[in-house]
Amino acid sequence: MLRKIVTNPLFWLTLVGLALASVLPLWVSGYILGLLTVAYYFGVFSMAWDLLFGFAGEVNFGPTFLIGLGAYTAGILNGHGVSIPLCLAAGAAAAVIGGLVLALPALRVRGPYFGLTTVVAVLILQNLIVVFAETTGGEIGLTVPDVISIDAATNYWIALGFMAVSGLILYAIAVSPVGLILQASGQDPVEAGALGFNVAKHKLAAFCVSAFFSGLAGALLVFYMGTASVGTLVDVSVGVQVIIGAVLGGRRTIVGGVLGAVFLIAAGELLRPLGALSTFVVSAAALAVILFVPAGLLGILTRQGQRA
Amino acid sequence: MTAAVLQMPSQTPLASPARPLLEVEGLAKRYGGLVAVKSIGFSVKPGEILGLIGPNGSGKSTVMKLIMGLERPNAGSVRLDGTEIAGWPSHRVARAGIGIVFQHSRPLHRQTVLENIKLALLPDNLLRLFADPGVETRARAIAERVGLGAVTERRPSTLPFADLRRMELAKAIARDPKVVLVDEPFAGLTSGEVADFSQLIWGFRDEGKAVLLVDHNVKSVAALVDRVFAMYLGERVAEGSAAEVMRNETVRRVYLGGSIETAARPQSAFSGEPLLKIENLDVLYGKAQALRGVGLHVHEGEFVSVVGLNGAGKTTLFNAISGLVAHSGSIAFAGEPLSRRTPASIARGGIVQVPESRELFGEMSVRENLDLGGQHLPKAESARQLAWLFELFPILKSRGGQMARTLSGGEQQMLTIARALMMKPRLLILDEPTLGLAPVILEQLSKALERLRQTTPITVLLGEQNVTFALPHADRVYVLEHARIVWEGSPDRFAAEAGTGYL
């Protein structure tokens with residue numbers, strides 16, 4: 001088992017990547033650190049999403065439903081004087097509960113209907129936030145009184161550490177026997193059932209795990225930014241970015257999501273001088289990778305790693 | 001049996017026959033108006049192999065699904081070692097001790113063969129993040145037993161077809177079930193592989209498991225089974241030893257038909273170049289060869305039947321003609337090769353296929369389905385065609401406003417054929433139109449085809465496993481067996497020369 005890990009190029013890549021990332025605050029400006037902090041939280045969103053799509057075979061078009069639940073629960077509670085750690089726990093719990101309420105009926109329907117249900121969930125959440133503007137801040141957004149830290153490097157390291165731990169846990173689940181059963185359930189649910197596996201139970205568990213990390217990351221992001229708004233956390237377009245990040249990084253790789261998220265945010269920033277055109281260029285690049293390199297960015301990297 | 005007792009004198013002879021491991025009673029299943037399974041009952045004892053036999057659409061696969069919990073029965077009981085399991089979800093049925101070897105499955109492509117086998121050894125437990133160390137050893141032992149020992153580290157996609165079937169068998173062995181269901185054990189295998197698989201299935205019997213083999217004809221499993229239970233149209237038609245069932249009058253009638261009146265016109269009546277000419281047609285589905293060197297021709301105005309059992313390659317042949325599957329070899333229609341044309345352009349060119357699965361627009365009315373077929377015709381012509389079709393299938397006229405999915409199976413089949421005829425095809429391809437239809441409907445359909453043949457100059461290519469239906473209208477018959485054409489001739493010679501394989 002240990003030898004398998006040591007000979008895996010992915011392991012070394014990840015280790016080198018993390019080491020480089022952790023010393024980055026010594027070199028780069030606070031502005032770039034801020035960008036990467038957001039990118040790391042988006043990386044967690046993408047990794048959590050990949051557990052559902054890449055392993056359980058369910059396309060969740062509404063990752064922002066889970067993220068938004070976590071973010072707004074934490075933000076609103078903090079506004080009522082609850083401490084940050086409790087808010088984070090509550091945010092994660094709200095995402096899991098919301099995820100369960102959504103997934104229990106939604107996993108009963110087959111094929112594209114699951115995806116549709118998740119989109120509708122996002123739209124409903126978005127509407128509720130606008131309707132209950134007094135509590136949620138509505139379209140203007142919610143301002144939270146507390147932030148974790150005002151130091152860019154501290155925030156950066158928290159995000160990096162959180163991402164590393166989340167990635168490790170999600171990856172461990174994915175390669176464990178449970179991950180194997182999940183993949184079987186995603187690929188051929190009839191056969192998985194005939195082998196004695198409760199497909200619904202496994203998919204539901206995957207949904208809960210995905211919801212937990214999405215909600216927690218959403219809550220942490222609120223306490224980094226100091227605000228929560230529909231446009232940055234809940235809107236369907238945000239969800240699309242999470243999905244593109246995961247697919248771009250590499251489906252069924254979990255850690256690929258981080259690469260995808262960093263790429264999207266970095267590219268968006270680098271191309272900012274292009275103005276409105278930058279979105280187009282980033283989208284075109286993402287489309288090209290998805291069409292021509294289905295294994296994603298991580299697929300390219302590990303193949304090179306194996307050759308070396 | 002006696003020899004075994006003599007060799008082991010310590011073993012006491014069984015005082016009473018062993019209690020059945022699997023008991024099925026009064027099992028019934030309806031899909032909408034279609035009764036797929038009607039009050040089926042049988043039992044399998046430990047160490048016994050029962051063959052569940054029936055032609056396409058007889059309900060045998062449904063029975064298997066009902067036992068496995070993949071479908072819920074409307075009535076009846078399934079008892080496993082005395083425990084009632086009818087209506088349980090499949091994962092509970094599997095844990096209670098029933099295993100299934102699927103004919104087709106999607107293995108985990110990114111994992112090795114060994115990991116695929118390990119999967120079957122895992123408990124249904126969310127908290128088990130590390131597998132037992134024993135799992136690895138057991139998976140290897142099972143791989144050896146089924147003959148996969150040399151390829152455990154390979155990915156399933158690199159394996160030949162037979163090894164994929166071995167892997168499915170390995171997964172069933174890994175669950176160590178009391179009852180094993182095997183779906184079409186020998187489909188797509190060579191004779192050497194058939195011998196290997198027979199040994200493995202006998203292995204189940206020697207371990208005292210009850211085995212249920214599901215297959216479409218008696219002959220293919222006769223050497224393997226202890227008993228045979230034959231089904232037709234959801235009902236039991238015969239039960240007994242393989243030889244008894246093959247001698248059974250009803251079984252013979254179901255598979256071969258009684259005395260069939262044929263009305264073949266000699267081939268010389270159709271002059272000139274054939275309308276459809278196929279030479280050296282090969283089709284591969286991944287590892288499995290679905291068609292091998294098939295040659296066939298149909299003249300303008302001729303009615304040609306292709307007879308073959310389930311899995312022989314009929315649908316593949318038709319899909320190749322319609323341009324739906326990749327193939328090598330040549331297919332020419334009216335003298336022009338079809339190889340570079342899209343399915344849509346082939347259909348517009350006059351080849352219209354009525355698929356086995358019917359593919360009606362269920363949420364549209366009968367009229368709308370027909371109008372869709374006549375979309376490209378001028379209005380007046382479309383109306384004329386419709387009037388003619390209502391004459392051919394009067395029942396469709398009275399059902400004009402009804403939604404297509406609410407029709408009975410036979411009416412749906414007529415609507416599918418009528419919709420195809422709205423396109424005014426030069427060549428009509430009918431793929432198993434009799435699938436799942438009751439005898440009385442068959443007769444109506446048969447009469448409609450007869451009228452069609454007599455009143456129009458249409459050219460028909462019919463694929464059937466129901467010989468009784470395929471022969472009466474045919475001018476010429478081809479027999480397709482294991483991906484090859486093995487016989488060609490006039491229908492009156494069929495029973496004598498090619499009939500024995502169809503029991």
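In chain A, helix α3(A) brings L35(A), V38(A), A39(A), F42(A), G43(A), S46(A), M47(A) and D50(A) up against G257(A), V258(A), G260(A), A261(A), V262(A), I265(A) and E269(A) of α14(A), where contact means C-beta atoms, placed from the backbone, within 7 Å. By class, this contact has 9 nonpolar, 4 polar and 2 charged residues (Ala, Val, Leu, Ile, Met, Phe, Trp, Tyr, Cys and Pro count as nonpolar; Asp, Glu, Lys and Arg as charged; the others, Gly among them, as polar).

The model is predicted: local features need pLDDT of at least 70 and side-chain atom pairs pLDDT 80 or more, while totals for chains, interfaces and linings use all residues. Residues are numbered from 1 along each chain as its sequence is written, with chains lettered from A and ligands numbered from 1 in the order written.

As for geometry, α3 (30-55) and α14 (256-270) of chain A pack at about 140 degrees with axes 7 Å apart (lines fitted to C-alpha atoms over the stretch in contact; angles run from 0 to 180 degrees between N-to-C directions). Helices (H or I, at least four residues) and strands (E, at least two) are DSSP runs, numbered from the N terminus.

Over in chain B, an open antiparallel sheet runs β2-β1-β4-β5, pairing requiring at least two DSSP bridges. Its edge strands are β2 (34-44) and β5 (83-84). Strands β1 (22-31) and β4 (75-80) of chain B share 5 bridges, and E25(B) has S77(B) as its bridge partner in β4(B).

Note on methods
Two residues are in contact if their C-beta atoms, placed from the backbone, lie within 7 Å.
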